[in-house]
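Please look through the sequence and the model below before reading on.

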Amino acid sequence: MSIIIENVTKYYGSYQALQNINLEIKSGELVALLGPSGSGKTSLLRIIAGLEQAENGNILFNEENYTNKHVKDRNVGFVFQHYALFRNMTIFDNVAYGLKVRPRKIRPSKTAIEQKVTELLQLVKLEGYKDRYPSQLSGGQRQRVALARALAVEPNILLLDEPFGALDAKVRKELRRWLRRLHDEFNVTSVFVTHDQEEAMDVADRVVIMNEGKIEQIGTPEEVYDQPKNPFVYDFLGSVNLFKGKVHQGKLATGNVEIHVPDSEDGESTGYVRAHNFIIERESLETDSIASVIDHIHTIGPIVRIEVIRQDINEPLEIELTKEQYNNLELKKGEIVFVRPKELKVFVDYMAGI
Amino acid sequence: MLANHNSVAAETNKPVILTRNATKEPKSIQWILISIVLLFLTLFLVVPLIAIFVKAFEKGADAYFAAIAHPDSMSAIKLTLIVVLITLPLNAIFGVVAAWTITKYEFKGKNFLITLIDLPFSVSPVIAGLIFVLLFGLHGALGPLLQNYDIKVIFSIPGIVIASIFITFPFIARELIPLMQSQGTSEEEASLTLGAGGFKTFWYVTLPNIKWGLLYGVILCNARTIGEFGAVSVVSGHIRGMTNTMPLHIEILYNEYQFSAAFAVASLMSIFAIITLVIKIFIEWKTDFKSSKVS
């Protein structure tokens, strides 16, 4: 089922949580709402679910207006960050709940409910836990129950509010892979909220990046990562280095170096360079070679993280090399090297809010 | 060695003991503190309780049962039970509604509402009784109106019920508000998203989560309703066999020097109180059991 969000605005008192949000989600898509806390992503999700009402705007499911439909009539599956399992019910009863509370006319028979619940518990690999209570399960198990419970009612749309936020790193990684497989199997339109950019990039078909109640960019993970529309998105998706300076005739002057930036407007600007987009050399070969002192070397994992201090303006840069590059260079702490940005994106300063 | 062995045993059975070690006093201080508490309780609780029963049976079991079976006593017991039967359900409903309103909705003046709910705790019961006399009495604000329709509130059962409700309504709400606050609203939200309506959500999700707290509040409310003297005394008019509740009846008997009879009825009230306590202990044990299962 497709979702269309039209001009949605939401206030909490005088605070504007959402400003004129427009978003279209195609049927069967898995979309991530990504943003820092306070960006309005959870509010938007709750408005889609009907748990909250927008002041303005419309919510359409399959082009039918659902704006004024009560949450219980929307047939959405909602997964909460802290699971929200019914603590007084067994796992079986939790999953069966949505079917049991249906009006008699459309309620499945007892055996049909039992069969459905058993199937779902098998799917989430918790069939042996059906008589336990939520408090007897681990966080990851509880969230799987919550998912099974949401899927039991065969929802039009699956909404997940920071579903893995309360879990430890390893379980989180497992569960998000599992969510992706589950989504591919059920093919239910899904929207999940996260503040973890890695999680969003890893799981979603499309990522919606939100900030201060507005959508900053919508696109596939590759699009938003490789072509960030503005400094916020650039900064939010992974570590980035800033080169503040002035652009004049296609050159960005920063410190005592000049970086070649064709097609850039003149004026106060900031260049953005991702940590892995640097070349480290022993000699100054170009006008954009920045003399720097190696301050720290972190060699854990396949990527080596190097912190250098620019000698001209004494500002730190964060650089990532592969282990192979690092081994070839034989870098040592305290050494003076020349750092050259491989790829640099310039944004004129008036729109840089960071 | 021994200490080591103990801590290992504690680890396998009850790890809690390990964390308590730091706050554990020496044995001697423990005994002194326990003795003080026991002595105090004996002097101020056990001895008077025994005294009630001794005094009640002073003239023998026959006199005891005769005193209780006396029509005036029976009428007082019956009236007390009627008041309890009306007060408890009304206050239970009010308590749940008030707690629900305060914990599940956001609105202005919430703190003021909570303060209002506490009002009966801070107002002297006698004054509470007087308020109702001034309101419903013959010369009160609503007196003439009620008289027109021939409705008697003061010096009759409705007045006693109203006064009892006023005195005891904070108990259940006070018990439920912190409980429901700690539980939050996400289970209710989950229920709604799964297609359950408001009533089903309350019945299957909210009520089971608060049932022990609710019962605990009802027990406290019940104990206070049975024992309420001040407010009821002002509005009842002390009409024998008509508007005397048990505490009022005891006072009358006592003032007439019928000590055995007075203590006989008092012993009956004490038995009610003890039964209440036993139920309360059971509920506490039950909720403890539940919460330990949750943690």
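Among the contacts in chain A that join residues at least 6 apart in sequence, 64% link residues at least 24 apart, where two residues are in contact if their C-beta atoms, placed from the backbone, lie within 7 Å. The structure is a predicted model, in which local features need pLDDT of at least 70 and side-chain atom pairs count only at pLDDT 80 or more, while totals for chains, interfaces and linings use all residues. Residues are numbered from 1 along each chain as its sequence is written, and chains are lettered from A and ligands numbered from 1 in the order in which they are written.

Chain A has nine helices and 20 strands; these are DSSP runs numbered from the N terminus, helices being H or I of at least four residues and strands E of at least two. The C-alpha trace of chain A spans about 80 × 45 × 35 Å along its principal axes.

Six strands of chain A form an open sheet with mixed pairing, in the order S6-S7-S8-S3-S9-S10, and two strands are said to pair if DSSP finds at least two bridges between them. Strand S6 (76–79) and strand S10 (214–219) of chain A each have a single partner strand and stand at the edges, so one side of each lacks a neighbour in the sheet. From one strand to the next the twist averages 15°, and such angles run from 0 to 180 degrees between N-to-C directions, with axes that are lines fitted to C-alpha atoms, for helices over the stretch in contact. Helix H4 (residues 139–152) of chain A packs on this sheet and touches S6 and S7 of chain A, its direction making about 170° with that of S6(A). Strands S7 (residues 157–161) and S8 (residues 189–194) of chain A run parallel and are joined by five bridges. Within this part of the sheet, Asp161(A) has Val193(A) in S8(A) as its bridge partner.

**An enclosed helix**

Helix H1 (residues 41–49) of chain A is largely enclosed by the rest of the structure, because nine of its nine residues are buried. Among them are Leu44(A), Leu45(A), Ile47(A) and Ile48(A), and also Lys41(A) and Arg46(A). Just after H1(A), Gly50(A) takes a positive phi of about 95°.

**Where the chains meet**

The contact between the chains takes 20 residues from chain A and 17 residues from chain B. On the side of chain A that touches chain B, S6 and helix H2 (91–100) of chain A are the elements that give two or more residues.

Ile167(B) lies in helix H9 (residues 157–183) of chain B, and Leu79(B) is found in helix H5 (residues 71–104) of chain B.

| Residue | C-beta neighbours inside 10 Å | State |
|---|---|---|
| Ile167(B) | 25 neighbours | buried |
| Leu79(B) | 23 neighbours | buried |

Not counting residues up to four places away in sequence, Ile167(B) touches several residues, including Pro120(B), Pro125(B) and Arg224(B), whereas Leu79(B), counted in that way, touches Asn244(B) and Thr245(B). The C-alpha atoms of Leu79(B) and Leu49(B), 30 residues apart in sequence, are 24 Å apart in space.

Conventions: Buried ≥ 20, exposed ≤ 12 C-beta atoms within 10 Å, placed from the backbone.
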